Amino acid sequence: MAGILFSCKSPIPHVRSDVKNIVTLSFGITCVIPTYDIKPDTLIASADKALYNAKQKGRDRYCTH
């Protein structure tokens with residue numbers, strides 16, 4: 001699942017970026033039901049994968065995993 005984030009009324013300039021001239025946000029969202037078998041690294045890796053997917057799909061959006 002990917003969604004485009006809402007736009008800000010006053011974009012923040014990002015003059016040093018080679019990608020876009022304003023600041024954008026991308027999020028990787030994940031959720032697990034905590035158990036003793038699930039380590040924190042598992043949650044972090046899942047969120048990281050979702051963030052990578054969001055950036056690959058065009059940045060300035062969110063993806064879930």
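**Exercise 1. Determine what share of the contacts with a separation of 6 or more comes from residues 24 or more positions apart.**

Solution. The model examined here is predicted. Consider the contacts in the chain with a separation of 6 or more; residues 24 or more positions apart account for 52% of them.

**Exercise 2. State how many helices and strands the chain has, and in which pattern they follow.**

Solution. Counting the elements gives one helix and three strands. Reading along the sequence then gives the pattern β-β-α-β.

**Exercise 3. Locate cysteine 31 and decide whether the residue is buried or exposed.**

Solution. First, the position: cysteine 31 lies in the loop that runs between β2 (27-29) and α1 (40-56). Next, the relative accessible area of cysteine 31 is 68%. The cut-off for an exposed residue is over 50%; cysteine 31 is therefore exposed. Finally, a distance: serine 46 is 15 residues from cysteine 31 in sequence, and their C-alpha atoms are 8.6 Å apart in space.

**Exercise 4. Classify isoleucine 29 by its relative accessibility and name the surface patch to which it contributes.**

Solution. Isoleucine 29 belongs to strand β2. Its relative accessibility is 39%. Together with Ile12, Val23, Leu25 and Phe27, Ile29 makes a nonpolar surface patch of about 440 Å².

Definitions and conventions
Residues numbered from 1 in each chain as written. Predicted model: local features only at pLDDT ≥ 70, side-chain atom pairs only at ≥ 80, totals over all residues. Heavy atoms only, no water. Helix = DSSP H or I, 4+ residues; strand = E, 2+ residues; numbered from the N terminus. Buried < 20%, exposed > 50% of the residue type's maximum accessible area, 1.4 Å probe, protein only. Contact = heavy atoms within 4.5 Å. Patch = residues over 30% accessible without salt bridge, like charges linked within 9 Å, V, L, I, M, F, W, Y side chains within 5 Å. Areas by Shrake-Rupley, 256 points an atom, 1.4 Å probe, with all protein chains shown as cover. Salt bridge = Lys/Arg side-chain N within 4 Å of Asp/Glu carboxyl O.
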